[in-house]
Amino acid sequence: MEQKTSLLGMTIAELRTVAAEVGLPAYAASQMADWLYKKRVSEVAEMTNIALRKREVLAAGYTVGAREPAEAAQSKDGTVKYLFEAAAGRFVEAVYIPAEERDTLCVSSQVGCRMACHFCMTGRQGLGANLTAGEIMNQILRLPEATQLTNLVFMGMGEPLDNVDEVLKALEILTSSYGVGWSPRRITVSTVGVAAPLRRFLAESECHLAVSLHSPFAEERARLMPAERACPVEEVVALLKEYDFAHRRRVSFEYILFDGVNDTMRHVKALSALLRGLPCRVNLIRFHAIPGVALRSCSAEKMIWFRDALNARGVVCTIRTSRGEDIQAACGMLSTKRLLEKRH
């Protein structure tokens, strides 16, 4: 049987093409977008303001493409990790993080990741596939708590800018009036700093940016993050200084503190020198131990000292609260490799 094409993840321009193909007027694209992204239907048959005969023609070649979560695990702190099936029997994880003032979803953009960061379970899984815009949107729209969401962070599995075409499509749908209609200020995209896609992201989106930094020294960063060799942090920061982050759009730097590795006064001084002149924030993150990695988290006292030392040098620095560690949902712990091995 011929596989149907998913409508979920299509932009308004793509939906116009579909409308023309099945003999619908151009305005039917807006009707389909409304059903997909605002009413969040599961079947083409539910698009009741499209004539029945045309719906039948549409349903013959197209499907909504929505999938409910396959599994869920809840942390003692209220965090919930959801498993979503993607194409070809692959899976990704998305993490819902409720808090008093905001409810955030950590979204995945790839099955696995090819950046191979030493401290990250997803990177150790390797890259399985890029997610489509529809598979990205599905994590958001089919989340049981979807209507409660206030913020999105593209900090789940994968390097978002290694899948820049599909991520930008998802961001268009999320922030357009025809789509979900969110302000881009509610969305943050994380990256190791892949240069050409980063320029595209900054030009084509107004969402916030978070850069995985973890060391201001090139050789040390390369040991933690092999992507440093292709995406030197000094070049990434120089590129960012070409853009205006002094107003509504923000850039932040993610910095996992490893005991005895990147937590000294030498690092504080180099970080403050590197970031001088760039309006930004540094978020300190506790390392969450993963199997086979000798790195250790530094103490809470050391994190406070590092934060205060950076703030004293004019770099706005905060400590991010760790969530979901007991269900392998905290930063750096997402991986579906073991699950797939169990299923086969």
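C106 is buried, with a relative accessible area of 10%; buried means under 20%, exposed over 50%, and partly exposed in between, using a 1.4 Å probe and protein chains only. A search of the whole structure finds zero disulfides, a disulfide being a pair of cysteine sulfur atoms within 2.5 Å. This is a predicted model, in which local features need pLDDT of at least 70 and side-chain atom pairs count only at pLDDT 80 or more, while totals for chains, interfaces and linings use all residues. Residues are numbered from 1 along each chain as its sequence is written, and side-chain values use heavy atoms, with hydrogens and water left out.

- C280 is in no disulfide. The nearest cysteine sulfur belongs to C317 and is 9.9 Å away.
- C280 is buried, at 17% relative accessible area.

**The sheet**

- Ten strands form an open sheet with mixed pairing. Their order is β3-β4-β5-β6-β9-β10-β11-β12-β13-β14. Strands (E, at least two residues) and helices (H or I, at least four) are DSSP runs, numbered from the N terminus. Two strands pair if DSSP finds at least two bridges between them.
- The edge strands are β3 (71-74) and β14 (316-319). Each pairs on one side only.
- On average, neighbouring strands are turned by 20 degrees against each other, direction ignored. Axes here are lines fitted to C-alpha atoms, for helices over the stretch in contact; angles run from 0 to 180 degrees between N-to-C directions.
- β13 (residues 281-286) pairs with β14 in the parallel sense over four bridges. In this pair, N283 stands opposite T318 of β14.

**Strand β11**

- Five of the five residues of β11 are buried.
- Both faces of β11 are covered. H208, A210 and S212 are buried on one side, L209 and V211 on the other.
- In a regular strand the side chains alternate between the two faces of the sheet.
- β10 and β11 pair in the parallel sense over four bridges. T191 stands opposite V211 in β11.
- The chain runs from β10 through α7 to β11, and this β-α-β crossover is right-handed. Right-handed means that, with the strands pointing away from the viewer, the path from the first strand over the helix to the second runs clockwise.
- β11 also pairs with β12 (residues 251-257), again in the parallel sense over four bridges. There, S212 stands opposite E254 in β12.

**Helix α7**

- Helix α7 spans residues 195-204, and its residues P197, L198, F201 and L202 are buried.
- Seen down the axis of α7, the buried residues fall within an arc of 140 degrees, so they line one face of the helix. The arc is that of the directions from the helix axis to the C-beta atoms.
- The face turned away from the buried side of α7 carries the exposed residues A196 and A203.
- Cover for the buried residues of α7 includes α6 (164-175), β10 (187-191), β11 (208-212) and α9 (233-240). Contact means heavy atoms within 4.5 Å.

- R40 has a positive phi of about 60 degrees although it is not a glycine. R40 sits in the loop between α2 (28-38) and α3 (52-61). R40 is partly exposed, at 24% relative accessible area.
- A116 is not a glycine either, yet has a positive phi of about 60 degrees. A116 lies in the loop between β7 (110-112) and α4 (121-125). With 39% relative accessibility, A116 counts as partly exposed.
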